[in-house]
Amino acid sequence: MMRQDSAEYQTVEACDENCYPDASFRQPESAGADATEEVEPIWFHTHFEDSMEMYADAATVAQHLNNHKTWFCQCASPMKAEPIGENGYDLLIGRFGALGYRVEARIGLELLPPDAEGCYLIKTIPVPNYTSPGYEVDFRSAMKLVEIPSDEFAADWPASQRAQLPPAITSATWKLDLAVGVCFPKFIRSMSQPLIEKTGDALLEKIIKQVNRRLTYKTQLVFHESLGIPFPKKPKKH
């Protein structure tokens with residue numbers, strides 16, 4: 001069961017909805033019982049792919065994405081994001097738990113400018129003056145912009161809705177490879193290794209999907225609203 005700690009922040013278990021942090025987080029007592037023991041992390045991995053449509057040409061979308069200081073922190077909310085240097089962010093994702101153990105997920109991410117092939121990379125960077133409580137994160141994401149003629153993209157849309165589109169739309173497609181290593185306390189390590197791995201992989205996949213869904217929608221919304229561009233929804237298929 002998920003336990004609510006405050007009106008704004010809940011602990012996420014493997015079967016529950018995501019939630020976001022406040023400053024009151026404390027590591028569970030069970031995590032400190034063998035804090036002095038050298039423990040090898042257990043690693044969990046996930047691969048994720050998705051895309052989002054931006055109703056403008058690729059040059060307009062690229063200009064907006066390149067100016068991430070104007071939109072990233074806003075789009076990350078209710079997660080807490082603070083800038084690190086020119087292209088980095090300290091991102092407090094939330095508190096997550098499974099098998100009776102909880103951890104606060106906080107990572108540094110660097111949004112690199114597009115390379116010569118127009119590929120946007122995001123990678124893990126250290127958060128200044130912060131040591132993670134018993135976990136490591138390796139985040140590697142790559143995104144590309146693909147411009148599509150609106151007549152091709154919306155060929156099966158009703159004419160009235162297709163007329164709302166500009167001459168071209170841009171599809172931002174990305175791939176994410178994420179690895180998280182967790183130094184579990186003894187009571188977790190005494191459990192079945194397959195159970196730990198299955199539960200951890202499932203929780204990691206759930207977190208990624210939930211964060212991705214919210215961040216994608218907000219990114220689309222802020223882009224279209226900031227430029228005064230209509231944001232028509234795809235017609236539902238019957």
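Tutor: Here are some labels, each set against its rule. This is a predicted model: local features need pLDDT of at least 70, side-chain atom pairs count only at pLDDT 80 or more, and totals for chains, interfaces and linings use all residues. Residues are numbered from 1 along each chain as its sequence is written, and side-chain values use heavy atoms, leaving out hydrogens and water.

Student: Why is the pair of Tyr55 and Phe153 called edge-to-face?

Tutor: Rings of Phe, Tyr and Trp (its six-membered ring) pair if their centres lie within 6.5 Å; planes under 30 degrees apart are stacked, over 60 edge-to-face, the rest tilted. Here the centres are 6.3 Å apart and the planes are at 65 degrees, so the pair is edge-to-face.

Student: What makes the pair of Phe153 and Trp157 tilted?

Tutor: The planes of Phe153 and Trp157 stand at 55 degrees, with 5.7 Å centre to centre. Tyr55, Phe153 and Trp157 form one aromatic cluster.

Student: How do you know whether Trp157 is buried or exposed?

Tutor: Buried means under 20% relative accessible area, exposed over 50%, partly exposed in between (1.4 Å probe, protein chains only). Trp157 has 7%, so Trp157 is buried. Phe153 has 17%, so Phe153 is buried.

Student: And why is Asn129 called exposed?

Tutor: Asn129 has a relative accessible area of 86%, so Asn129 is exposed.

Student: What puts Arg106 over the face of Tyr130?

Tutor: The rule asks for NZ of Lys or CZ of Arg within 6 Å of the ring centre and within 35 degrees of the ring normal. Arg106 lies over the face of Tyr130, at 4.2 Å from the ring centre.
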